[in-house]
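Welcome to this structure. Here are a few notes to read beside it, point by point.

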Amino acid sequence: MARSARQSKILELISVKEIETQDELARELKNANFDITQATISRDIKELGLTKILTNSGRYKYAIVGSDEQQISNKFVSIFREAVISVKSVLNIVVIKTLKGLGSSVCSFVDKLNLNELIGAVNGDDTVMLIFPSASFASDSVTTLSDMLG
């Protein structure tokens, strides 16, 4: 669980902050109570397939870059499985309950899945809400997400 939780936190951090160096990432992880080494961070960056991209401010930052056709990495599916507690739908809304602090990571992953007719996704600390145009699309998505959970 520690590696999956740490890698989920890395994905969350890079989605909300412009992290340019491994030192910055290590500092942020230590602030989040993860005891890590430089080698571990390098390995996580490689496993997650992170690359540096140029931001509008002229700095570089870590990001997940890939085409829509690119297959979702098994690593992301593993993190999803570790982080999600439940997936339920109510009418046209799907609610995903996650472990505390992993809502953002799960939401980012779900966005990359390109679920059929997903209108939008929002997250809190431990909850993700997906909005669909109808209850049938929401139900189909619950089936898809539940299948990923195993």
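1. Glu-47 is partly exposed, its relative accessible area being 28%; partly exposed means between the cut-offs for buried, under 20% relative accessible area, and exposed, over 50% (1.4 Å probe, protein chains only). Arg-3 is also partly exposed, at 42% relative accessibility. A salt bridge joins the side chains of Glu-47 and Arg-3, with 3.2 Å from N to O; the term requires a side-chain nitrogen of Lys or Arg within 4 Å of a carboxyl oxygen of Asp or Glu. This pair connects distant parts of the chain, since Glu-47 belongs to helix α3 (residues 38-48) and Arg-3 to helix α1 (residues 2-16), 44 residues apart. Helices (H or I, at least four residues) and strands (E, at least two) are DSSP runs, numbered from the N terminus.

2. A word on what you are looking at. The model is predicted: local features need pLDDT of at least 70 and side-chain atom pairs count only at pLDDT 80 or more, while totals for chains, interfaces and linings use all residues. Residues are numbered from 1 along each chain as its sequence is written, and side-chain values use heavy atoms, with hydrogens and water left out.

3. How many salt bridges does a search of the whole structure find? The search finds six. Side chains of opposite charge can pair when their charged atoms come close. One of the pairs is Lys-97 with Asp-126, whose closest N and O atoms are 3.8 Å apart. Lys-97 sits in strand β4 and Asp-126 in the loop between β5 and β6, so the pair links parts of the chain 29 residues apart. Both residues are partly exposed, Lys-97 at 31% relative accessibility and Asp-126 at 29%.

4. The loop between β5 and β6 also holds Asp-125. The side chain of Asp-125 meets that of Lys-100 in a salt bridge of 3.2 Å, N to O. Lys-100 lies in the loop between β4 and α5, so the pair ties together parts that are 25 residues apart in sequence. Asp-125 is partly exposed, at 41% relative accessibility, whereas Lys-100 is exposed, at 70%.

5. Now for the sheet. Four strands make an open sheet, in the order β3-β4-β6-β5, with antiparallel pairing; two strands pair if DSSP finds at least two bridges between them. At the edges are β3 (84-90) and β5 (120-123), each pairing on one side only. From one strand to the next, the twist averages 15 degrees.

6. Which residues stand opposite one another? Between β3 and β4 (residues 93-98) there are six bridges, and Val-87 stands opposite Ile-96 in β4. Five bridges join β4 to β6, where Val-94 has Leu-130 as its bridge partner. Four bridges pair β5 with β6; here Gly-120 is partnered by Ile-131 and Val-122 by Met-129. A hairpin of three residues connects β5 to β6.

7. Do follow β6 residue by residue.

8. Helix α5 (residues 103-112) lies across β3, β4, β5 and β6 (127-131), at about 165 degrees to β5. Helix α6 (residues 135-149) packs on the sheet and touches β3, β4 and β6, where contact means heavy atoms within 4.5 Å. The direction of α6 makes about 165 degrees with that of β3. Axes are lines fitted to C-alpha atoms, for helices over the stretch in contact, and angles run from 0 to 180 degrees between N-to-C directions.
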